[in-house]
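Open your viewer and have the selection tool ready. We will take two stops and look around at each.

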Amino acid sequence: MGPLRSVVLAGGGTGGHIYPLLAFADCLRRHDPSVRITCLGTPKGLENELIPPAGYDLRQIPAFQLPRSINMALLRTPDRMLTSTRAAGKVLDEVRADVVVGFGGYVSVPGYLAAWRREVPIVVHEVNVPPGVANRMGMRFTKYVAVGFPHQPKQAESLRDARVVGVPLRSSIAHLDRRAASAAARARFGLRPDLPVLFVSGGSQGARSINLAVAGAAKELSRAGIQVLHVIGARNEPVSVPNDLQVPYVTVPYLSEMELGYAAADLMLSRGGAMTVAEVAAIGLPTIYVPYPYSNQEQSRNAQPVVDAGGGLLVEDGEMTPAWVERTVIPLLRDPHRLAAMGHAAAGYGRRDGDEALLDFVYEAATHS
């Protein structure tokens, strides 16, 4: 088989599905500017805000939430699944898809089903353990399953034979030189170049427990000469920060250019989403992970291997208090040698080539399917 002429990418709902999709789309276009790239999305998903501005064709199809358990009866019962699959099939036929690459989210399911019915090769990319419900469905129809992290095949029987390719990262992050970009990034936020910076972000929606703990420690952080760049989260209430601090404490509701925050930082405090873990490990940013507690603990599983490698710390959400921040974060940020060692360890675990490795895998699937 020659070059890929038409690739359909399916993934939506959250940034964890959409950002690797976009990074992979950029990689496809970089290798072959003539390739046709079509993205499947739903009318209400975050993909509507992210994919068209990035310059890619987004086709909306109806999709719906799946039950948490998978059985083959799912394929027969809901009329709306049939409607969604037909809509996805029309897109595949129109663009003459050579391959469908799915990144998860409910919109992936009709993409997988439509491809399976047409014998179009399918590649599934998964970053969590256990795999998401949509990708578990997709894995029934293909042997070409890629994962983002080396711990996944060891922890999930269903991923035992998956190819570890890494996570496709945006070029601005994959090629980030933190040291070279630090001064400009700090200037952008009004931070001083001569004092350590704690970068705080609970993900795109923020994290109230993290917000309250760090804001509550603001005075002690300031007394210790530690600056803070704090992404509150678009849906969170603004935090109350004293206005008489000796050093900058900068709050922003949302930060689309996360590479600027990474470049400005000496240490990050964050949740343990797969994209965050992949990004901070790749660029060697020491991170304190506070996994989201109300789930199946996949964020703990994401972060634990980096912590085991020496690239970060792990703390339970319930322990995240101002006192914990003062007791742990301040000494760490005042120890540049320890931070440097943690950063080196994180970079040793992370990888920056997930997009290229996934592209090789997609070519393999398209050629041999």
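Predicted model: local features only at pLDDT ≥ 70, side-chain atom pairs only at ≥ 80, totals over all residues.

Residues are numbered from 1 along each chain as its sequence is written, and side-chain values use heavy atoms, with hydrogens and water left out.

**Stop one: strand β8**

Select residues 197–201, which form strand β8. Strands here are DSSP runs (E, at least two residues), numbered from the N terminus. Is β8 enclosed or open? Five of its five residues are buried, so the strand is largely enclosed by the rest of the structure. Buried means under 20% relative accessible area (1.4 Å probe, protein chains only).

Strands pair if DSSP finds at least two bridges between them. Val197 has Gln227 as its bridge partner in β9. Now show residues 267–270, strand β11, which pairs with β8 in the parallel sense over four bridges. Here Leu267 stands opposite Leu198.

**Stop two: Val100**

Move to Val100, in strand β4 (residues 99–102). Val100 is buried, at a relative accessible area of 0%. Which residues does Val100 touch, leaving aside those up to four places away in sequence? Show Val8, Leu92, Gly111, Ala115, Val120, Pro121, Ile122 and Val123; contact means heavy atoms within 4.5 Å. Finally, draw a C-alpha to C-alpha distance from Val100 to His17: 15 Å in space, across 83 residues in sequence.

Methods: Buried < 20%, exposed > 50% of the residue type's maximum accessible area, 1.4 Å probe, protein only.
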